[in-house]
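Welcome! Please have the sequence and the model open side by side as you read this short report.

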Amino acid sequence: MAVSTKNGQKVWQRRDRNSQLKIWAMWLIGTAIFMWSWTQISAATTWSFFWDAPRIAADIGGRAVPPRWAYIEKLWEPLWDTLNIATLGTILALIMAVPVAFLAARNTTPSALFVRPIALFIIVSTRSINSLIWALLLVKILGPGIFAGLVAIAIRSIGFCAKLLYEAIEEIDEKQVEAVRATGARPWQVMVYGIVPQIMPAFAGIAVFRWDINLRESTVLGLVGAGGIGLQLQGSLNTLAWPQVSLILIVILVAVLVSEWVSAKVRGAII
Amino acid sequence: MSVALDARLGQPWKKPPFVKSPALRWTLIIGSILYLILALNSIEVNWARVYRGLDRGWQFFVAFTNPDFTSRANDIRLGLTESAVMTLASTVVGIGVSIPIGLGAARNISVLPVYLTCRAIIAVSRALNEIVVAILLVAIFGFGPMAGFLTLSFATIGFLSKLLAEEIEDMDKVQAEAVRATGGTWLQRYVFGIHPQVVPRLIGLSMYRLDINFRESAVLGIVGAGGIGATLNTAFDRYEFDTAAAILLVIIGAVMVLEYLSGIIRAKVQ
């Protein structure tokens, strides 16, 4: 590629031979892994279904159009529930995430040796499990309904909010904290007057950002019985009522676009 | 001493409010209180059911201290392999598809019709939730990892193309211009002028997406699209909390390892 020969001699080469060979080897291994993955997927696929897919898709598409617009009357309440799950879930998550974030930030944690790892573990474990799994579990524990969805969203969001918040806390300007402390302020006062004003914009940004994500996620929580518009989606899918499914998908799409617009506006106003 | 200072002397200091305009501030405060009252009233919590469920919750919590990896070891292994396979394949295919789309969606190197088409693809992919896409694809392609693979590839496109396009839009124009001045074709301009500038970020984003795809692959099984989610769902349905706890621990462990590895790789290329 990047080599030219002049009188039988190489003039320029981007890499020496060893590093070039290393890169080739990495590509070889990567391709092998990908091909192996592909054979696994291929082995688990019924190919006759796969080749039949365009016909099925056209069939479903044909049934789903036009959407059953009259069904929208039954969707307002689930939509309101979905909004509540997302909003109240975010509020609940923030209430729990703030203390965790302060415990996890290196400059505010009471003990870097004992408390910080616990806070970090809370962050990692809540973040790595998807809200749908939390909902699956909480439906079993709290019973089906909005409450399970709300708690699922809240738990899932703790890690996300706390992580971003503690990074913001670690990046604050220590001079302001020092100045407040120099006036003889107690630790609580240092926090309220020295740290909180500095992280407030980040906090508001994180809250709105997470609310946007939560609204997306709460639209599907109903699939496992945790309330919201997903419940209607599940019902319509189970009865193969495709015109209703397409209407619900349109409603979800609009809700997501509106939430994205709101979150972009608010974040634009803050930053 | 100035008059303004005189007037303020002796007055206690107040923290400046976060939202400066008082009208907006009070609208926000009253609006949120109203909303909270409405929302909290519309939520029905069956406290008796919650109370009965607490016992089950406690069982689950206990199960976490004593997870059962052995009795369903085979199912867990199969589910985890399937998740890993779906993750890898879909990330590779997703990257492959999103590079051309990302190029098309960068305003500074593509023509308007291509730009609009690519942006539309990205918008659709980002707006649709993975689970919703998975449901539709399961209906079309049947149960199994194929549906999950296609879902994750589709979701990867929206994420990666958008960020790649933004990276290309932010790049240093001079280098691409220089290649062009030597008489390079469009492809040469990309390979020598643009690609080297965006490749570190592209690798970093791909690693990040690999991480996300694995997390997502863990839930796609709930709607029948293959992976460890199916195993987990079955465990929950049979109230085998110890197995479920084991699966969750495996997922958390895998995510942590993946996050750590992707962190190392990202730090290395950037």
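## Burial in chain B

A residue is called buried here if 20 or more other C-beta atoms lie within 10 Å of its own, with C-beta atoms placed from the backbone. By that criterion, buried residues make up 40% of the 270 residues in chain B. Do keep in mind that this is a predicted model.

## Overall shape of chain B

The C-alpha trace of chain B spans about 70 × 70 × 35 Å along its principal axes. Looking at contacts in chain B with a separation of 6 or more, 71% are between residues 24 or more positions apart.

## A closer look at H11(B)

Helix H11 of chain B covers residues 241-269, which is 29 residues. From its first C-alpha to its last, H11(B) reaches 42 Å, close to the 42 Å expected at 1.5 Å a residue.

Which residues of H11(B) are buried? Among them are Phe241(B), Asp242(B), Thr243(B), Ile247(B), Leu248(B), Val255(B) and Leu258(B). The cover over the buried residues of H11(B) includes helices H3, H4, H9 and H10 of chain B, and also H4 of chain A.

## Where the two chains meet

The contact takes 47 residues from chain A and 45 residues from chain B. On the chain A side, the elements that give two or more residues include H1, H2, H3, H4, H5 and H6. The largest share of that side, 7 residues, comes from H5(A). By type, the residues of chain A that touch chain B divide into 33 nonpolar, 12 polar and 2 charged.

## The H5(A) and H3(B) crossing

Let's zoom in on one helix pair. The axes of H5(A) and H3(B) come within 6 Å and cross at roughly 130°; the two helices are therefore oblique to each other.

Which residues meet here? H5(A) brings Leu137(A), Lys140(A), Ile141(A) and Leu142(A), while H3(B) brings Val50(B), Gly53(B), Arg56(B), Gly57(B) and Phe60(B). The residues of this contact divide into 5 nonpolar, 2 polar and 2 charged.

Key: Residues numbered from 1 in each chain as written. Chains lettered and ligands numbered in written order. Predicted model: local features only at pLDDT ≥ 70, side-chain atom pairs only at ≥ 80, totals over all residues. Contact = placed C-beta atoms within 7 Å. Helix = DSSP H or I, 4+ residues; strand = E, 2+ residues; numbered from the N terminus. Nonpolar A, V, L, I, M, F, W, Y, C, P; charged D, E, K, R; others polar. Buried ≥ 20, exposed ≤ 12 C-beta atoms within 10 Å, placed from the backbone. Expected span 1.5 Å × (residues − 1). Axes fitted to C-alpha atoms, helices over the stretch in contact; angles between N-to-C directions. Parallel < 35°, antiparallel > 145°, perpendicular 65-115°, else oblique.
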